[in-house]
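Me: Could you walk me through this structure, starting with the aromatic rings and then moving to the nonpolar core?
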Amino acid sequence: DESNFENEQDIDRKKTTRRPIKELTRAKTSPSTRYNNAEINKNIINQGKMKRWEDILNIYENDGKYFNHVNYSTALNQLGRIKGVNRNDPRLKRLLQDLAFKIQNQGIMTWMNPRSFVSILRSIVYLRLSTRTDDIAAIIKNLNSAEVVRWLFRQRNNQSIANCVWSCG
């Protein structure tokens, strides 16, 4: 029944809608509201499993101001696994611009971990994004620094090193 299928989609979308999580602060103050990055990640992964690249970009559009490095990495990783992603979608371009801006302003080695950075590099390749755009070039130029390369290799994670070398190939 087609109407039943539409209802199932509505239910799926309601399940993946992120809501603020109430949390008590450590100080003796009233509860504060903050967004849970783990919940954002679950939503991104759920949409990725259903091959809904538009919905992943909608999550970014709605919650991008709360994204941490893991959320950026997960979003790009999930997008890289989906065939047919519109690489010219303005939301994808904004996601990459924001990511490049955060890396530049907060410092790659202080803001993110090597695993996230390598995952982002790999996703750029899977998405077949042009390295000639300013945003992608800004992300990749971090590999020009010997200090960043040492930071990546210091983790001694063979898979991350292999992924990094593959992405640059």
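Reply: Rings of Phe, Tyr and Trp (its six-membered ring) count as a pair if their centres lie within 6.5 Å, and planes under 30 degrees apart are called stacked, over 60 edge-to-face and the rest tilted. This is a predicted model, where local features need pLDDT of at least 70 and side-chain atom pairs count only at pLDDT 80 or more, while totals for chains, interfaces and linings use all residues. Residues are numbered from 1 along each chain as its sequence is written, and side-chain values use heavy atoms, with hydrogens and water left out.

Me: How many aromatic pairs does a search of the whole structure find?
Reply: The search finds 4 aromatic pairs. One of them joins tyrosine 60 to phenylalanine 67, edge-to-face, at 5.5 Å centre to centre with 75 degrees between the planes. Phenylalanine 67 also pairs edge-to-face with tyrosine 72, at 5.3 Å centre to centre and 80 degrees between the planes.

Me: Is tyrosine 72 buried or exposed?
Reply: Tyrosine 72 counts as buried because its relative accessibility is 0%, where buried means under 20% relative accessible area, exposed over 50% and partly exposed in between (1.4 Å probe, protein chains only).

Me: OK, new topic: which residues have the most contacts inside the largest nonpolar core?
Reply: They are Leu76, Leu79, Leu99, Met112 and Phe117, in a core of 36 residues. Such a core is a set of buried Ala, Val, Leu, Ile, Met, Phe, Trp, Tyr and Cys residues joined through side-chain atoms within 4.5 Å.

Me: And what does methionine 112 touch?
Reply: Not counting residues up to four places away in sequence, methionine 112 touches His69, Leu99, Ile103, Phe117, Ile120 and Trp151, with contact meaning heavy atoms within 4.5 Å.
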